[in-house]
Amino acid sequence: MSDDGSDLTAHRCPNGHLTYPGHGRCPDCGEPQTETVDLSERTAEVLTWTESVATPSGVRAPNTLAIVAFDVDGQTVRALGGTTAAVEIGDTVEPVYVDQLRDPEASLRARESQDWGGFRFEPVE
């Protein structure tokens with residue numbers, strides 16, 4: 001995984017177990033995870049979601065987070081992330097990269113530590 005959150009990559013071990021995020025060793029079998037699968041061009045299904053209205057400084061409010069499931073060659077891999085709009089269970093979403101996940105100007109922390117991008121999930125029509 002990149003340090004700036006600019007990738008959305010699942011990892012697979014030689015026994016075919018798939019995880020997101022990746023691990024040094026597969027949580028299921030202990031083998032090294034040697035293969036990667038780019039999830040950024042795929043769609044996923046919303047499994048559940050929640051909305052936080054009391055967020056830390058620099059984080060938008062309300063902030064909707066969803067657990068989504070990607071289908072990769074018949075295997076399901078789940079990811080947690082923010083959404084760009086309201087979602088419902090069963091909705092189809094796609095990852096979209098945003099340059100800033102937080103507002104560096106609104107944070108109490110050093111601006112540089114809050115200036116980073118990543119993926120949110122956007123509903124697909």
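Select N63 to begin: this residue is buried, with a relative accessible area of 13% (buried means under 20%, exposed over 50%, partly exposed in between, with a 1.4 Å probe and protein chains only). N63 belongs to strand β5, residues 63-72 (strands are DSSP runs of E with at least two residues, numbered from the N terminus). The model is predicted: local features need pLDDT of at least 70, side-chain atom pairs count only at pLDDT 80 or more, and totals for chains, interfaces and linings use all residues. Residues are numbered from 1 along each chain as its sequence is written, and side-chain values use heavy atoms, with hydrogens and water left out.

Next, select R12, which counts as buried at 11% relative accessibility. A salt bridge connects the side chains of R12 and D73 (3.6 Å, N to O); the term denotes a side-chain nitrogen of Lys or Arg within 4 Å of a carboxyl oxygen of Asp or Glu. D73 lies in the loop between β5 and β6 (75-82) and R12 in strand β1, so this pair ties together parts 61 residues apart in sequence. D73 is exposed, at 66% relative accessible area.

Now display E35, whose side chain meets that of R12 in a salt bridge (3.5 Å, N to O). E35 is in strand β3 (residues 35-38) and R12 in strand β1 (residues 9-12), 23 residues apart.

Methods
Helix = DSSP H or I, 4+ residues; strand = E, 2+ residues; numbered from the N terminus.
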